[in-house]
Amino acid sequence: MEDMKQKKEKKRISNHTKGILCVFAAAFGFSLMTFFVRISGDIPTMQKAFFRNAVAAVIAMGTILVAREPFRITKGCGRDIFFRCLFGTTGMIANFYAIDHMGIADANMLNKLSPFFAILVSIPLLSEKPSRLDWASLLVAFTGALLIIRPGISFTVGPALLGLYGGFGAGTAYAFVRMLGRKGEKTTTIVLCFSLFSCLLTGPYLIFDYHPMTGKQWLCLVMAGASAALGQYGITSAYKFAPAKDISVFDYTQVIFAALWGILFLGETPVPLSIAGYVLIIGTAVYRWHRMRHMT
């Protein structure tokens, strides 16, 4: 009996480790996506968003075909999928614009405010009441965001505010994903709908403002789409191995990866105020993660 308990414990630890590794893979993938979007050069944001999602859509469709799964939207999920796609797409476009006009580490950090926005959005959508810890976390996290945006100090305030909206869009999209999860919608259906919706929304802009691309730019956008697919499937797989409360904090390594790409390849060094903002936001996320693990 004792041996069986030990085996189960080993299996639990093993799955926990797999979950963390998948989160690291997702963070690595999303950081590469931002890097390739940035180095793709002077291409309109909408064009970048279209090709990034076109590649992700092909990968999602390929996954469905290989698994031989029927593609259908579960009854009662259409409205939630629409809003997941709408907020996810507009948030992604805002994030891409921020990536092009400010340091990629700063842009990634603003996008990583999404869990805190999800707390706010979950009040009306999911009837969830934030705790005192949640409210305190929100206050500290947004203080960190102000240190990154630095209103009145830098010409990047406009892109930074769009980057902030990117975090809001992602957080709102995640809240709708939670609603879809409660209704039993499949992950592949959600991913494919998001990719196709994004292509439909950004595609018309290519008709009026398409910029011819070099071979390098094509390669960068294909790699951005492939990296994004790695991120999406990595994060989805992670939560199959372990609960979000145990592993979600490791997703903040994306900011570290992004800062590394910026330092090594783009000559970007985060300013002290930005670093202080990172510490506040990541520190708050780590503290919430630690408290929640011991409260459940």
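Colleague: Is Q254 buried or exposed?

Modeller: In this predicted model, Q254 is buried, with a relative accessible area of 4%. The cut-off for buried is under 20%.

Colleague: Which helix holds Q254?

Modeller: Q254 sits in helix 11, which covers residues 253-265.

Colleague: Which side chain does the side chain of Q254 join in a polar contact?

Modeller: The partner is N108, and the polar contact between the two side chains is 2.4 Å.

Colleague: What else is Q254 in contact with, leaving aside neighbours within four places in sequence?

Modeller: With those neighbours left aside, the contacts of Q254 are A27, F30, S31, N108 and K112.

Colleague: What about T253, buried or exposed?

Modeller: T253 counts as buried, at 17% relative accessibility. T253 also lies in helix 11.

Colleague: Which backbone oxygen does the side chain of T253 reach?

Modeller: That of F250, at 2.7 Å. Not counting residues up to four places away in sequence, T253 touches F24 and A27.

Colleague: Let us step back to the overall fold. How many helices and strands are there?

Modeller: The secondary structure comes to 12 helices and 0 strands. From the N terminus on, the elements run α-α-α-α-α-α-α-α-α-α-α-α.

Colleague: And what percentage of the residues count as buried?

Modeller: Of the 296 residues of the protein, 49% count as buried.

Colleague: What share of the contacts with a separation of 6 or more comes from residues 24 or more positions apart?

Modeller: Such residues account for 90% of those contacts.

Colleague: Turning to helix packing, at what angle do helix 5 and helix 6 pack?

Modeller: Helix 5 (residues 114-126) and helix 6 (residues 132-149) pack at about 135°, and their axes are 9 Å apart. That angle makes helix 5 oblique to helix 6.

Colleague: Which residues make that contact?

Modeller: Helix 5 contributes F116, F117, I119, L120 and I123, while helix 6 contributes D134, W135, S137, L138, A141 and F142. By class, the residues of this contact divide into 9 nonpolar, 1 polar and 1 charged.

Colleague: Is the crossing of helix 5 and helix 6 left-handed or right-handed?

Modeller: The crossing of these two helices is left-handed.

Colleague: How does helix 4 pack with helix 6, at what angle and how far apart are the axes?

Modeller: Helix 4 (residues 104-111) and helix 6 pack at about 155°, with their axes 10 Å apart.

Colleague: Why are helix 4 and helix 6 described as roughly antiparallel?

Modeller: Angles over 145 degrees count as roughly antiparallel. Helix 4 and helix 6 pack at about 155°, and therefore they are roughly antiparallel to each other. The crossing of helix 4 and helix 6 is left-handed.

Colleague: Which residues meet there?

Modeller: D106, M109 and L110 in helix 4 meet A145, I148 and I149 in helix 6. The residues of this contact divide into 5 nonpolar, no polar and 1 charged.

Colleague: L110 interests me. How far is the C-alpha atom of N95 from that of L110?

Modeller: The two C-alpha atoms are separated by 8.6 Å, and the residues are 15 apart along the chain. N95 is found in helix 3, residues 78-101.

Colleague: Is N95 buried or exposed?

Modeller: N95 counts as buried, at 5% relative accessibility. Leaving aside its neighbours within four places in sequence, N95 is in contact with A107, N111 and G166.

Colleague: F87 next. Where is F87 placed?

Modeller: F87 is placed in helix 3 and is partly exposed, with a relative accessible area of 21%.

Colleague: What does F87 contact, leaving aside its neighbours within four places in sequence?

Modeller: The contacts of F87 are Y165, F168, G169, A170, T172, A173 and F176. As for A170, its C-alpha atom is separated from that of F87 by 6.7 Å, at 83 residues apart along the chain.

Colleague: Last topic: is L219 buried or exposed?

Modeller: L219 is exposed, with a relative accessible area of 53%. L219 lies in helix 9, residues 215-241.

Colleague: How far apart in space are L219 and F36?

Modeller: They are 8.9 Å apart, C-alpha to C-alpha, and 183 residues apart in sequence.

Note on methods: Residues are numbered from 1 along each chain as its sequence is written. This is a predicted model: local features need pLDDT of at least 70, side-chain atom pairs count only at pLDDT 80 or more; totals for chains, interfaces and linings use all residues. Side-chain values use heavy atoms; hydrogens and water are left out. Axes are lines fitted to C-alpha atoms, for helices over the stretch in contact, and angles run from 0 to 180 degrees between N-to-C directions. Helices (H or I, at least four residues) and strands (E, at least two) are DSSP runs, numbered from the N terminus. Angles under 35 degrees count as roughly parallel, over 145 as roughly antiparallel, 65 to 115 as roughly perpendicular and the rest as oblique. A crossing is left-handed if the near helix is turned anticlockwise from the far one by less than a right angle, and right-handed if clockwise. Contact means heavy atoms within 4.5 Å. Ala, Val, Leu, Ile, Met, Phe, Trp, Tyr, Cys and Pro count as nonpolar, Asp, Glu, Lys and Arg as charged, and the others, Gly among them, as polar. Buried means under 20% relative accessible area, exposed over 50%, partly exposed in between (1.4 Å probe, protein chains only). A polar contact is a pair of N or O atoms within 3.5 Å; within protein, one must be able to donate a hydrogen and the other to accept it, and residues adjacent in sequence count only if both atoms are side-chain atoms.
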